[in-house]
Structure formats: structure tokens, C-alpha cells
Amino acid sequence: MHIARRFFLTRTAALISAAALPLAPLRGWAVTTMTAGDLRIDSVSDGHIEFPPDFVFSTIPEAERADLLSSLNIDAKAVVHSPLNITLLRQGDRVVLFDVGSGPDFVPTAGRLVDALSALEVLPEDVTDVIFTHGHPDHLWGVLDDFDEPLFPNAVLKMGQVEFDYWTDPTTIDTIGEERQSFAAGAMRRLTALGDLMERFDDGAEVLPGIRAVMTPGHTPGHMSFEIGAPDQGVFVTGDFVTMLVGFVRPDLGTATDHDPALAAQTRQTMLARLADEGWTVLGYHLPDGGIGRVRREGDAFSFESEA
Ligand SMILES: [Zn+2]
């Protein structure tokens with residue numbers, strides 16, 4: 001497997017007429033590309049989300065917080081920039097996205113996927129398949145365009161059955177908790193608009209040839225991760241079962257963004273052990289430097305070794 005990180009400069013084309021294009025600001029895109037045989041995988045950025053540190057680190061016991069964060073070179077008082085790394089897989093005629101980012105309606109620092117794809121000369125109509133890890137806004141909301149039509153008009157869309165059922169259940173908006181009611185409303189609106197266009201699959205399914213679904217619940221009820229190929233010739237798309245470096249050092253702690261923190265912690269411990277022992281290269285949606293790296297065992301805990 002060959003891994004390279006490159007930097008592109010493009011002009012932001014969205015909503016700007018051709019005549020105005022030379023005046024549009026240049027934007028830089030860092031893209032990490034992995035190749036193995038005829039398989040090409042790019043980590044494409046949808047932007048980032050900013051979180052207050054008190055929210056993100058709230059689940060770390062106060063007595064341990066300062067030491068733990070300083071051991072990871074994290075400033076405990078600084079706004080946390082959580083990257084949004086979308087996996088783009090190209091093999092033969094297939095162009096596959098794992099999640100689609102948030103589109104324009106979530107936070108102003110995200111929703112950049114289409115521009116990022118254009119830096120790689122991939123257009124929305126080129127995408128043949130979109131596979132979702134889960135229904136949170138930063139993964140799902142970019143699925144529709146400004147007119148509520150599918151943004152990737154030629155793509156087959158797929159989501160895990162348990163996850164689809166959760167976000168299309170009319171009682172979810174009442175049970176999810178006040179601070180996440182907008183997540184429920186936003187997912188319901190999009191999944192309703194898509195109707196039968198969203199195909200469903202179960203744990204263990206081969207969603208496409210060589211791509212297997214692995215149920216990793218806790219962050220959301222039906223969260224899915226994906227094995228692409230084999231450990232030495234492929235990549236494991238984690239989604240959000242681990243979202244920050246703290247999760248490697250203390251996988252037993254729930255995180256502030258987990259739906260079921262205890263179940264998420266159990267999934268995280270099991271999966272990190274498996275990925276370390278099997279030697280997978282992983283692509284993590286919210287992990288640093290494009291999210292590509294390896295999981296290493298560190299005694300009872302783990303570390304993330306970035307490959308960028
Ligand atoms: Zn996420």
C-alpha cells in the first residue's frame with residue numbers, strides 16, 4: 001500500500017458565475033491518497049466543526065484531564081477543531097463515498113465536499129455509490145442539494161437498517177434529548193425526501209464487492225463501519241466509533257457526542273483491539289491529518305499513529 005499527502009489549490013466554483021471565477025478566492029485542499037493495486041482511496045475534507053473544550057472533554061474525570069490532554073499536546077482551553085474526513089474510493093468504474101458531509105445547513109465551517117471533490121476532478125454525477133456510517137448531520141445532511149433533490153443523482157444510497165429505522169421513527173425526536181432534536185428533525189426530513197432511494201443493509205453485509213459492513217453501535221444506535229479489502233491491502237473506515245485521540249488513550253470513557261456512552265466505550269475498546277491486532281490501516285472521520293493511520297497497542301490502551 002502506498003500513501004501520499006498532496007496539496008491542491010482550487011477556486012471555489014459554487015454559486016459563482018464563470019465570468020467572476022478569476023476573482024474567486026483560492027482555496028487549499030490537503031488530500032491523503034492511498035493506492036493498492038487498482039484500488040485508490042482519498043481522504044477528502046468537508047471542512048471542520050468547532051467545539052468548546054469544556055463540552056468535548058467533559059467526560060474525562062477532572063483530576064486526570066490536564067495530564068491526559070498535555071500528554072497528547074492538546075490545549076485544554078482552546079476551541080477544538082474536529083476535522084471531517086470523507087472516504088472516496090475509486091476502483092474500475094466505481095466511485096464510492098462513505099458519508100457526504102453536512103451540506104450548507106449545519107455549521108459555516110463545513111459543507112465543502114463538492115469543492116474538495118472538484119480538486120480531484122470528481123463531479124457529483126460521477127459518484128456511483130454512497131454508503132453511510134450513521135445519520136448525524138456532519139455525515140448525512142449533505143445528501144440533498146438546495147432544492148431537496150439528491151446531490152449525487154446517479155448514486156445508489158445505502159444505510160444500515162437499524163440506523164435508518166432509528167432516524168425515521170417518529171418518536172425519536174421526543175426521546176433523543178433536547179440538545180439533539182435538530183439532528184432528529186434534519187435526518188427525518190432528508191430520509192423522508194429520499195424515501196425508497198435509500199437502500200438498507202444489515203451487519204456483516206457485503207455492501208459492494210470487497211466492502212463489508214461491521215456494526216459498531218453506541219455513537220448512534222445502528223452505527224456502521226466498513227472493511228474495504230484486507231488488512232494489508234485495504235482500509236478500515238471507522239466512522240465515529242472513535243472521534244478523538246483521547247479515545248485511543250482512554251477508550252473506556254464515553255464521549256460527549258455518543259448517543260449511548262457506555263455502549264460506545266465497549267465498542268471502542270473491542271474495535272481498537274481488533275484493528276491493532278489485525279494490522280488495519282484506518283480512516284477516521286474526525287481524526288487528525290486526513291484521518292489515515294494505524295492503531296497501536298500501548299499496554300491496556302492504544303495510540304493513533306498518523307500516516308500523513
Ligand atoms: Zn461525526
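**The annotated span**

I started with residues 83–286, whose end C-alpha atoms lie 5 Å apart, and found the span to be 28% helix and 25% strand. Helices here are DSSP runs of H or I with at least four residues, strands are E runs of at least two, and both are numbered from the N terminus. The UniProt record, an unreviewed entry, annotates these residues 83–286 as "domain: Metallo-beta-lactamase". I keep in mind that UniProt positions are given in the numbering used here, with feature names shortened, and that annotations may be inferred rather than shown by experiment.

Two notes on the ground rules. This is a predicted model, where local features need pLDDT of at least 70 and side-chain atom pairs count only at pLDDT 80 or more, while totals for chains, interfaces and linings use all residues. Residues are numbered from 1 along each chain as its sequence is written, and side-chain values use heavy atoms, with hydrogens and water left out.

**The zinc site**

Which residues hold the zinc ion as protein donors? I found Asp-138 (OD), His-139 (NE2), Asp-240 (OD) and His-286 (NE2), lying 2.0 to 2.3 Å from the zinc ion. Donors are N, O and S atoms within 2.8 Å of the metal (3.2 Å for Na, K and Ca); water is not among the atoms, so sites may look incomplete.

I noted the sequence spacing of the donor residues as D-H-x100-D-x45-H. His-139 sits in helix α4 (residues 137–140) and Asp-240 in the loop between β12 (233–239) and α8 (246–249), so this pair ties together parts that are 101 residues apart in sequence.

Why is the arrangement called irregular? The angles subtended by the 4 donor atoms around the zinc ion run from 86 to 174 degrees, which makes it so. For the cut-offs, four donors are tetrahedral if all angles lie between 85 and 135 degrees; four are square planar, and six octahedral, if opposite donors are over 155 degrees apart and all others between 65 and 115; anything else is irregular.

Next I checked burial. His-139 has 0% relative accessibility and counts as buried, and Asp-240 is buried too, at 2%. Buried means under 20% relative accessible area, exposed over 50%, and partly exposed in between (1.4 Å probe, protein chains only).

**Other residues I checked**

Phe-248 is in helix α8 and is buried, with a relative accessible area of 1%. From Phe-248 to Glu-227 I count 21 residues in sequence and 20 Å in space, C-alpha to C-alpha.

Pro-261 belongs to helix α9 (residues 261–278) and is partly exposed at 37% relative accessibility. Pro-261 and Gly-218 are 43 residues apart in sequence, yet 6.4 Å apart in space, C-alpha to C-alpha.

**Positive phi**

Glu-121 is not a glycine, but its phi is positive, about 60 degrees. I located Glu-121 in the loop between α3 (113–119) and β6 (129–131), where it is exposed with a relative accessible area of 70%.

Asp-148, also a residue other than glycine, has a positive phi near 65 degrees. Is Asp-148 buried, exposed or partly exposed? At 36% relative accessibility, Asp-148 is partly exposed, and its place is the loop between α4 and β7 (156–160).
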